[in-house]
Amino acid sequence: MSDIRQSWYEAGARERIAALVDSGSFAEFVGPERRETSPHLGIFDLPAQFDDGIVVGSATLDGTPILVAAQEGRFMGGAFGEVHGAKLTGLLRAAKALGRDVVIAFDTGGVRLQEANAGEIAIAEIMRAVVEARIAGVRVVGLIGGRAGCYGGGGLIAGCCSTLIVSEQGRISVTGPEVIETNMGVEEFDSRDRALVWRTMGGKHRTLIGGADVFVDDDAAAFRDAARAALAQSARPLSVRSAYPHSFALSEVEGLGSIDGASTSLSTNGGGSIDGASTSLSTNGGGSIGGASTSLSTNGGGSIDGASTAPSTNGSGERPGLDLDTLAAEQARLERRIARFGDAADATDIWQALGIDDPKAVPDMPATAFATLAAQYRESADDAR
Amino acid sequence: MEILHFDIAAPTPAGGTRAMALVGVVASGNLEVLVERSDTPDRCAIEISTAAHGFRDLWDAVVADFVGRRAAGGLRIAINDGGARPDTVSLRLAQGVRMIEEPEA
Amino acid sequence: MTPVEILASLFPSGHSVSAEGDLLFGQGTLPGGTVVHVVGATARAPIGIDQAIRLSGAVLEIARSDDATPILFLVDSASQRMSRRDELLGLSEYLAHLAKSLLVAEARGHRTIGLLYGGSAAGAFIATALACGTLVALPGAHPEVMDLASMARVTKLPIDVLEAKAKTTPVFAPGLDNLVSVGGIAAVWNADESLADQLQALLARPRDGDDRAALGEKRGGRPKSARIAGEVAAAAQA
C-alpha cells in the first residue's frame, strides 16, 4: 500500500492494469513473448511492438474474476490495427461465453492508418462483440483518461459500453481537432486552441452532457474504485448510484514505463491514427488535488454521501442486459440533447443551459468541486446507454 | 527495418527465476526490450529491429557495455527500436535485467 | 446504380421508399412475398448527429416488431460529419447508438443487410454498413477508410510511394476490392442481374456469427485476425 498518487494519464497500459486489478492476479493472453506483431507495419518500415499496443487477459478485482484490456497510447497513438483489434474481439467473445464482466482502458486515436482497412473492420467486429456480450448480460466498463484520448472508432466502441469512467483528460470524440481543422478549416475548429479542445471533447463536458457516467481525478486508484463500483451494479445501469470511498490502493505499481516522463508523441512518420488527435496534451488543468475522492454520484439529487455501493447482482444469476428498452431510452436521451442544446455554439452555453451559474469557471474547477457541481446539474445516461 | 544480431560471451549469469520481462514501448526516441531465458548460461543473445538504419557500430558498443556491466548470461533479448538514443537503450536494458531478476509475484 | 434503379430492381412490383433529405425510409415487397424495410443514407452526404438519430429512430421502430422483417440499409455516404457542433454534442454516442440499434434489431430476429452502392468512410461506414449482419456491395462502390492524400500527410510519404505500396497489399488503401479482401464486404453483387433474386438468395441462407475475420483470412487481406481472436478467446476460457 502506498499513498503515492499515480497519474492515470502518465501510466502505460501494463501499469494501468497493475493499478486496476488485485496484485498478482493478472494473466495475459497472447502476450509479448508470443511476438504476434503487426504483419503490416513493415510495409512502412515502421517498428512493430510485441503486444501490438494492447494488453488483454484475466484478473480478479476484489476477488471477482474479470477480463481486462488496456491500450498503449504511446505506441502508434494506441491505434487499432489488425492484431490489436483481434485481441480485444477475442476477449469480448470470451466474456460473452463466460458471462464475465470486462474492463477496457481506452487510449486511442482510432484506426491505425497504415492498416486502415483491417483496423476499420476490427472496430466493427469489436462493437458487435461488445453489444452481443451486453445483450447476454455482461458489463463492459470503459476507462478513459490517457494521452491519446478516445478518438475515431475508439469513441464508437466507447459508446457501446455499459459504463464510461473518465477523467478530465479523457477526451472522447469521433473526428479529432486536427482532422476537423484540416478538412473544414481553422474557422470550424482551431486545433491549437487547447482550451476549446478540452471543453468540447474533454471529460468534464462529456460528464455534464451524459456522454460519460462517472468523473474521476487523474488518479489510478480513483479509476480502480470507480471501476469496482461500476462492476458492482447490475448489467443494466441503475437509476440511482452511490458514491464510494477512495482507498488509495496503490500496490506494486512501479514506474518502469516512462523513464523520460516526457510525453513522447509520435511525431515521426510513425504518427498513428487516422481520425485521432495526434497532439500530445500537457496536463495542467485537472491537476493534483491530493488524490481526494472525486468519483461522483450520478443520481440527480447529487449527494455524494460516501456510502458504499450495494451490489445488485441477484441470486438467480439473472442479469438483464442491453435491450430494446435501453436503446429506446437512449434514443429519447439523444433526441432531447439535440432539442435542448442543438443550437449551442460552445460548451459553456450548454453548461449554462444545464443551470450552472458560472460556466466559465468549470474548466479550472478542481475535480472534487466539479464532481459536486456535476452531480447536481448533469444530464444522466442511466438506463439509457 | 534493419535487423541486427549479437551473440556474445556473458560470464555472469542473470539471477532470478522469472521467465520473461518487458520494459519500454515503441515510440519516437523510445524502445521496448523483451528479456527471456536461453539455455546457454554464458552467452547473451540480442536481436534488434530498428527503423534507424546504419547504426550497427553504435549498437555494438552499447551491447558490449551492457554485457560487460550487467549479469546478462543466459538471456535472450529482443528489441523493437523507435530510434532511441544510446543512453535510453542502456537504461532499458538495465531495467529489463533488473525486472527479470525480481522475485515472482 | 442509383437508388431509384436499385429499388426498382429489388421491388419490381413497387415500394413505398421515399427520401427525407439525403435519407431514405420505407419498405418494399420482394417477388417471393417477403416484406423488407429500407433505410438509406444517400448522395455521398456526411452523417452527423441529426442524420444518425433519425436513422436509429427508424431502425428501433422496426426492431420493436417481432415479425423478423429484414432491414436493408442502402449506403452511399461520405464520412461522419466533421464539425465542431457534431463533436460538441457527442457524435460518438449518436453513431454508436445507430450501430447498437442495428445490432439489437438483428438480435431480435431482423436480418440486417447493408448494401453499399456508393461511398462511405471512417465513422459513418462503421455505424451504418459495417454494423449490419451482412454487408454486400455493388460494383463501383468506393469505400474508403481514409483517402491517400490525407494518409500521405500523416505518414509523410509521397502519394506515389503510397500508391506503389497499395499495389502490394489491400490493408490500407481505399477501394472496394481492398475492403472485400479484408473480409469487410461479404460479396459484390452483379448489377446486371435481378437484385431481388440476389437479396432473396442471401436471405435464404442463415447467418451464423461474425465471419468477417475468417473471410479476411481466406481472401488474404487479414492474415492474423481470425487466429488471434480465436486464441485469445480460447485462452480466456481455458
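View 1. Across the interface of chain C and chain A, 36 residue pairs are in polar contact, both residues at pLDDT 80 or more. A polar contact is a pair of N or O atoms within 3.5 Å; within protein, one must be able to donate a hydrogen and the other to accept it, and residues adjacent in sequence count only if both atoms are side-chain atoms. Helix α4 (residues 91-107) of chain C supplies 14 residues, the largest share of the side of chain C that touches chain A. Helices (H or I, at least four residues) and strands (E, at least two) are DSSP runs, numbered from the N terminus. That side of chain C divides into 43 nonpolar, 17 polar and 20 charged residues. Here Ala, Val, Leu, Ile, Met, Phe, Trp, Tyr, Cys and Pro count as nonpolar, Asp, Glu, Lys and Arg as charged, and the others, Gly among them, as polar. The model is predicted: local features need pLDDT of at least 70 and side-chain atom pairs pLDDT 80 or more, while totals for chains, interfaces and linings use all residues. Residues are numbered from 1 along each chain as its sequence is written, chains are lettered from A in the order in which they are written, and side-chain values use heavy atoms, with hydrogens and water left out.

**View 2. Extent of the interface of chain C and chain A.** The contact (heavy atoms within 4.5 Å) takes 80 residues from chain C and 88 residues from chain A. The two chains bury about 6800 Å² between them, 65% of it on carbon and sulfur atoms. Buried area is the accessible area (1.4 Å probe) that two parts lose on being put together, summed over both.

View 3. Eleven salt bridges are found across the interface of chain C and chain A, where a salt bridge is a side-chain nitrogen of Lys or Arg within 4 Å of a carboxyl oxygen of Asp or Glu. One salt bridge joins A:Glu330 to C:Lys100, with the closest N and O atoms 3.0 Å apart. Both residues belong to a network of salt bridges that also links A:Asp213, A:Arg333, A:Arg337, A:Arg385 and C:Glu93.

**View 4. Salt bridges within chain A.** Over all chains the count comes to 47 salt bridges. A:Arg228 and A:Asp62 meet at 2.3 Å, N to O. A:Arg228 lies in helix α8 (residues 220-231) and A:Asp62 in the loop between β2 (54-61) and β3 (64-71), so the pair ties together parts that are 166 residues apart in sequence. A:Glu132 and A:Arg128 form a salt bridge at 3.4 Å; being four residues apart in helix α3, they are separated by about one helical turn. A:Glu132 is partly exposed at 30% relative accessible area, whereas A:Arg128 is buried at 3%. Buried means under 20% relative accessible area, exposed over 50%, and partly exposed in between (1.4 Å probe, protein chains only).

**View 5. The largest nonpolar core.** This core has 133 residues, of which A:Leu88, A:Leu91, A:Leu92, A:Val102, A:Ile350 and C:Phe172 touch the most other members. Its largest share, eleven residues, comes from helix α3 (residues 116-135) of chain A. A nonpolar core is a set of buried Ala, Val, Leu, Ile, Met, Phe, Trp, Tyr and Cys residues joined through side-chain atoms within 4.5 Å. Not counting residues up to four places away in sequence, A:Val102 touches A:Leu67, A:Leu91, A:Leu92, A:Ala95, A:Val138, A:Arg139, A:Val140 and A:Val141.
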